[in-house]
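Please keep the sequence and the 3D view open while reading.

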Amino acid sequence: MITCYLRYTIDPYKLAEFEHYAKLWIPLVNRLGGTHHGYFLPHEGANNIALALFSFPSLAAYEAYRQAMAKDAECRAAFAYAEETRCIVSYERSFMRPVF
């Protein structure tokens with residue numbers, strides 16, 4: 001299993017827009033074969049950092065998700081929403097192997 005860790009720098013004045021974006025992606029990742037562990041939004045501390053975690057059985061399964069995502073109309077609409085609202089300033093993506 002691999003877990004994708006996304007660290008977002010967000011516009012703190014567009015937190016509601018980012019939360020809407022996050023809620024769009026959770027069911028999309030799950031529908032396309034992943035397990036979404038949720039988004040984590042600012043509460044105390046930095047007001048412009050958000051995180052997301054989701055897992056796939058393998059890196060190959062994640063790559064298949066990326067290909068499916070590129071063709072999926074709802075995924076493209078979610079990306080368009082983020083571009084339109086400019087709620088995301090930047091992001092970093094890392095892959096991790098969980099230990100239980």
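In what follows, Ala, Val, Leu, Ile, Met, Phe, Trp, Tyr, Cys and Pro count as nonpolar, Asp, Glu, Lys and Arg as charged, and the others, Gly among them, as polar. The model is predicted: local features need pLDDT of at least 70 and side-chain atom pairs count only at pLDDT 80 or more, while totals for chains, interfaces and linings use all residues. Residues are numbered from 1 along each chain as its sequence is written, and side-chain values use heavy atoms, without hydrogens and water.

The lining of the largest pocket has 15 nonpolar, 2 polar and 3 charged residues. A pocket here is an open set of points on a 1 Å grid over the protein atoms alone, where a 1.4 Å probe fits, with protein on both sides within 12 Å along at least five of seven lines; lining residues have an atom within 4 Å of a point. Of the 20 lining residues, Tyr8, Tyr21, Phe79, Tyr91 and Arg93 lie nearest the centre. Elements giving two or more residues to this lining include α1 (15–31) and β4 (88–96), and β4 gives the most, with 5 residues. Helices (H or I, at least four residues) and strands (E, at least two) are DSSP runs, numbered from the N terminus.

Which residues of α1 are buried? They are Phe18, Tyr21, Ala22, Trp25, Leu28 and Val29, where buried means under 20% relative accessible area and exposed over 50%, with a 1.4 Å probe and protein chains only. Seen down the axis of α1, these buried residues fall within an arc of 135° (taken from the directions from the helix axis to the C-beta atoms), so they line one face of the helix. The face turned away from the buried side of α1 carries the exposed residues Ala16 and Lys23.
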